[in-house]
Amino acid sequence: MEEKSLHPFRGTSAQAEQLQQVIATHRDRPGCLMPVLQEAQEIYGYLPIEVQTMVAQGLSLSLSEVYGVATFYSQFRLLPKGKYRISICLGTACYVKGAAKILQAVEDYLGIKAGECTPDGLFSIESCRCVGACGLAPVMTINDEVYGRLTPDQVPGILERYLGGQKEESAK
């Protein structure tokens, strides 16, 4: 049975044309797969199977070879990132002060796990090892906004500010 993606591919013809130009530029160079994948990710924001297929066909490679490289290197993403990229610090200071409970509260509220993106493309969650704000532990960032000294019960209120693009402006 074929698995249906939660994130339908929404590439445009302009993006496809841009990718074909990238492929044409690199096609005859040894070791061209990495730079083509890097530029493809810049064009689309991630490397869904549809983009990997275009790259494989354009470079006369097998899809499994392209997929192998795309999944081996951590710089490549197979899933899109949300408009609001949530990062939960799981470094020592944050972890000791309850960051795992913060991560769980975010996952429960959004209905996705770390590494995933909501079907509407609004939120994605990731964990990291340190954001350099140990004095504010536990810490969560949403894009460039830092939220510190968090408790799980604060998570819904923070995320609600971002729903529907209605994020409250920070005090300037």
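Let's start at Glu 126. Glu 126 is partly exposed, at 33% relative accessible area; that label covers values between buried, under 20%, and exposed, over 50%, with a 1.4 Å probe and protein chains only.

A word on the source. This is a predicted model: local features need pLDDT of at least 70, side-chain atom pairs count only at pLDDT 80 or more, and totals for chains, interfaces and linings use all residues. Residues are numbered from 1 along each chain as its sequence is written, and side-chain values use heavy atoms, with hydrogens and water left out.

Which residue does Glu 126 pair with in a salt bridge? Lys 81, with the closest N and O atoms 3.0 Å apart. Lys 81 sits in the loop between helix 4 and strand 1 (84–89), and Glu 126 in strand 2 (residues 123–128), so the pair ties together parts 45 residues apart in sequence. Helices (H or I, at least four residues) and strands (E, at least two) are DSSP runs, numbered from the N terminus. Lys 81 is partly exposed too, at 33%.

A salt bridge here means a side-chain nitrogen of Lys or Arg within 4 Å of a carboxyl oxygen of Asp or Glu. The count by this rule is two. Glu 107 and Lys 113 also form one, at 3.9 Å, N to O. Is Glu 107 buried or exposed? Buried, at 10% relative accessibility. Lys 113 is partly exposed, at 45%.

Now to helix 5 (residues 92–96). Val 96 belongs to this helix. Val 96 is exposed, at 68%. Pro 138 is 42 residues away from Val 96 in sequence, but 8.3 Å away in space, C-alpha to C-alpha.
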